[in-house]
Amino acid sequence: MDQAFTPQDKLYIGGEWRRGRGAEIASNFPADGSLNAKLAGASQEDVDVAIERAQYAASDPAWRKILPHERATFLYKISEGLARHADRISLVQSRDTGKTLSETRALAMSAAGTFRYMAAALETMEDALTPSRSNYLTMSVFEPLGVTAGITPWNSPIASDAQKVAPALAAGNAVLLKPSSWSPLVCLELARVIEEAGLPKGLFSTLPGAGAIVGERLVTHPAIRKVSFTGGTETGRDIARKAADKLMPVSLELGGKSPTIVFADADLDVACAGVMFGVFSSTGQSCIAGSRLFVERSIYDTFLAKLVAATERLRIGHPFEATTQMAPLIRPKHRDEVEDHVKRAREDGGIILTGGERPAGADYTDGTYYRPTIIAGLANTSRLCREEVFGPVLAVLPFDNEDDLIRQSNDNSYGLACGIYTSDFPKAWRVARAIDTGTVWVNTYKQFSISTPFGGTKESGLGREKGREGIRAWMAQKSIYCDLSQVPHPWAKSAL
Ligand code: NDP
């Protein structure tokens, strides 16, 4: 791979490009298994160096004392840099993750939009003058936490990195980023853009390296004041336990098993396209994948026939082909896990309506491709309906009425997203309010806006990212009382 833009085998630690002292990480291209790059990952010592420099940079008056609109200029520059280098960034991310170029370009532009939004939000954010209950002025102000960390997964790295780094910097913190070992390259592009934008050195480091070493150190180090994590529920639970020990706030964006609901009165073309996009785009490697489909019984057979036929027309192919809708899965190991889920679904009595295997043909032999798969005949309590697959596998179930639907939809440990297809808006509103989840889409799916908060309920997570409040999640609130009377307190006055 052309390495012109990414310094070969160097990490961005405390404002310097240097070789990591941890275990080697290899990035392979999922379309053919070829090696993109090897790099020495970060070690615990590297994390400690990054933290020490971040502490210094975060408390330096050159950063700490600048006004919000001045701090915002760095974020605007980072946004411009991401947009300027979007082609390069998307190429690196497609090589790293196997995603299509069109998707990774959209992710790069979304990261640029996140920095721009957070800069604008920062410039316009107001502290509050709270109603006074006596002769004093009361204020509620927000201040930086200090040194913070973001830990991200492999499925949409540049976008999830930006969702942590942009609000953390906007809030006036230093931030250390640990990306997934499966997609270590694109965070180095982000570091290059941040360096180009002139952010004071030490405020940002990127530390690809083993989760159990680098991630663990970031979570447990006493100087780290907040961790925002996106990843699997079990890792999130472990991080929350360790954070509880040091009473550190965490935000957790975790897994999902999101219901998509098609009522008999829905526009079936809209519903069919939305269901396919919701579960099969990104080859199903999405926390919000609509992976449990509930179809009203009166249209169950008709809708499934339409869905299966359309799914079989989806184009599986190379990430660099403009026509590709489904690119390879990230790694052979991950495809093995997806295949295990399908095997267990079969053992549980699932009927494969389409897919359930690798695509045939010379174009697919070297890459980690898998066909979009639809499985019927399972109970909502089956393993496939309970466990996150993180691949292109859809379980379909019929429902009889609204009560039955809401009960089944909510009977799941996750609560990340939901899609509802109907032409009856009062019904959509009723069901949207009844489903226990963080986001609901009506007659659409997987639409995102940086100005709208995102996060999960139940085992899908804690806290919210995005939106104006997204900056405050990286700040400490302080209340200030200023006495206006200028006289001694009456309680002590007699003793004066
Ligand atoms: P993991 O939980 O395995 O890893 C996520 C990140 O955590 C990686 O950077 C990983 O590093 C790191 N990590 C691993 N162990 C530890 C540890 N002990 N302490 C600190 N950090 C650690 O998830 P995946 O990478 O497999 O990502 C897929 C998961 O992410 C899915 O469950 C998906 O639902 C979820 N996700 C949630 C989203 C949301 O917004 N709700 C969005 C996208 C994904 P390393 O790679 O080195 O192991």
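1. Accessible areas here come from the Shrake-Rupley method with a 1.4 Å probe, and for residues only the protein chains shown count as cover. On that basis the chain exposes about 20,500 Å², with carbon and sulfur atoms supplying 53% of this area.

2. The model is predicted: local features need pLDDT of at least 70, side-chain atom pairs count only at pLDDT 80 or more, and totals for chains, interfaces and linings use all residues. Residues are numbered from 1 along each chain as its sequence is written, and side-chain values use heavy atoms, with hydrogens and water left out.

3. The secondary structure comprises 17 helices and 22 strands (DSSP runs numbered from the N terminus: helices are H or I, at least four residues; strands are E, at least two). The radius of gyration, taken over C-alpha atoms, is 24 Å, close to the 23 Å that the globule rule gives for 496 residues, so the chain is as compact as a globular protein of that length. The globule rule is 2.2 Å times the number of residues to the power 0.38.

4. Of the 496 residues, 57% count as buried (under 20% relative accessible area; exposed is over 50%, partly exposed in between; 1.4 Å probe, protein chains only). Among contacts (heavy atoms within 4.5 Å) between residues at least 6 apart in sequence, 73% join residues at least 24 apart.

5. Ala-83 lies in helix α3, residues 68–84, and is partly exposed because its relative accessibility is 30%. Leaving aside residues up to four places away in sequence, Ala-83 touches Met-109 and Ala-112. The C-alpha atoms of Ala-83 and Ala-168 are separated by 20 Å.
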